[in-house]
Amino acid sequence: MSAMVVAPSDANYNLMLIIGQPYKGVPGATQTTVIQEYLSEEPEDVELFVPAGWSLLEDESEEIVHTGHVRVASNFEPSLLVAA
């Protein structure tokens, strides 16, 4: 894997995975959590970030586009605007 975890200001990729595993003691229920990491680049395989025993439910990852003095997420929404 060539993608490395970096500081948010140095990131080119925002990895955000929603993962789940069966909830112990409650048949049919799923325990979920979110993994978020700022990476130097898009990873070749996001499954490498999913811990053993968990499964990937959703991949909400996105490329971070650097433009001048403002960093804008690739699926731009005004609420995602962050000053660099």
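Modeller: His66 sits in strand β4, residues 62-67. Strands here are DSSP runs of E with at least two residues, helices are runs of H or I with at least four residues, and both are numbered from the N terminus. At 41% relative accessibility, His66 is partly exposed. The classes are buried under 20% relative accessible area, exposed over 50%, and partly exposed in between, with a 1.4 Å probe and protein chains only. His66 and Ala11 are 55 residues apart in sequence, and their C-alpha atoms are 9.4 Å apart in space.

A word on the source. This is a predicted model, where local features need pLDDT of at least 70, side-chain atom pairs count only at pLDDT 80 or more, and totals for chains, interfaces and linings use all residues. Residues are numbered from 1 along each chain as its sequence is written, and side-chain values use heavy atoms, with hydrogens and water left out.

Now the wider setting. The protein chain has zero helices and six strands. Along the sequence the pattern reads β-β-β-β-β-β. Of the 84 residues in the protein chain, 25% are buried.

Tyr38 belongs to strand β2. Tyr38 is partly exposed, at a relative accessible area of 28%.

Next, the core. A nonpolar core is a set of buried Ala, Val, Leu, Ile, Met, Phe, Trp, Tyr and Cys residues joined through side-chain atoms within 4.5 Å. The largest one has 10 residues: Ala3, Tyr13, Leu15, Leu17, Ile19, Ile35, Leu39, Val46, Phe49 and Val50. β1 gives the most, with four residues. In soluble globular proteins, nonpolar side chains tend to be buried together.

Phe49 lies in the loop between β2 and β3. Its relative accessibility is 17%, so Phe49 counts as buried. The C-alpha atoms of Phe49 and Ile35 are 8.1 Å apart, at 14 residues along the chain.

Glu44 is found in the loop between β2 (30-39) and β3 (55-59). Glu44 is exposed, with a relative accessible area of 75%. Glu44 also belongs to a negative surface patch, together with Glu41, Glu42, Asp45, Glu47, Glu58, Asp59, Glu60 and Glu63. Patch residues have over 30% relative accessible area and no salt bridge; like charges are joined within 9 Å, and nonpolar side chains (Val, Leu, Ile, Met, Phe, Trp, Tyr) within 5 Å. A salt bridge puts a side-chain nitrogen of Lys or Arg within 4 Å of a carboxyl oxygen of Asp or Glu.

Conventions:
Accessible areas come from the Shrake-Rupley method with a 1.4 Å probe; for residues, only the protein chains shown count as cover. Lys and Arg count as positive and Asp and Glu as negative; His and the chain ends are not counted. The place of a charge is taken as NZ of Lys, CZ of Arg, CG of Asp or CD of Glu.
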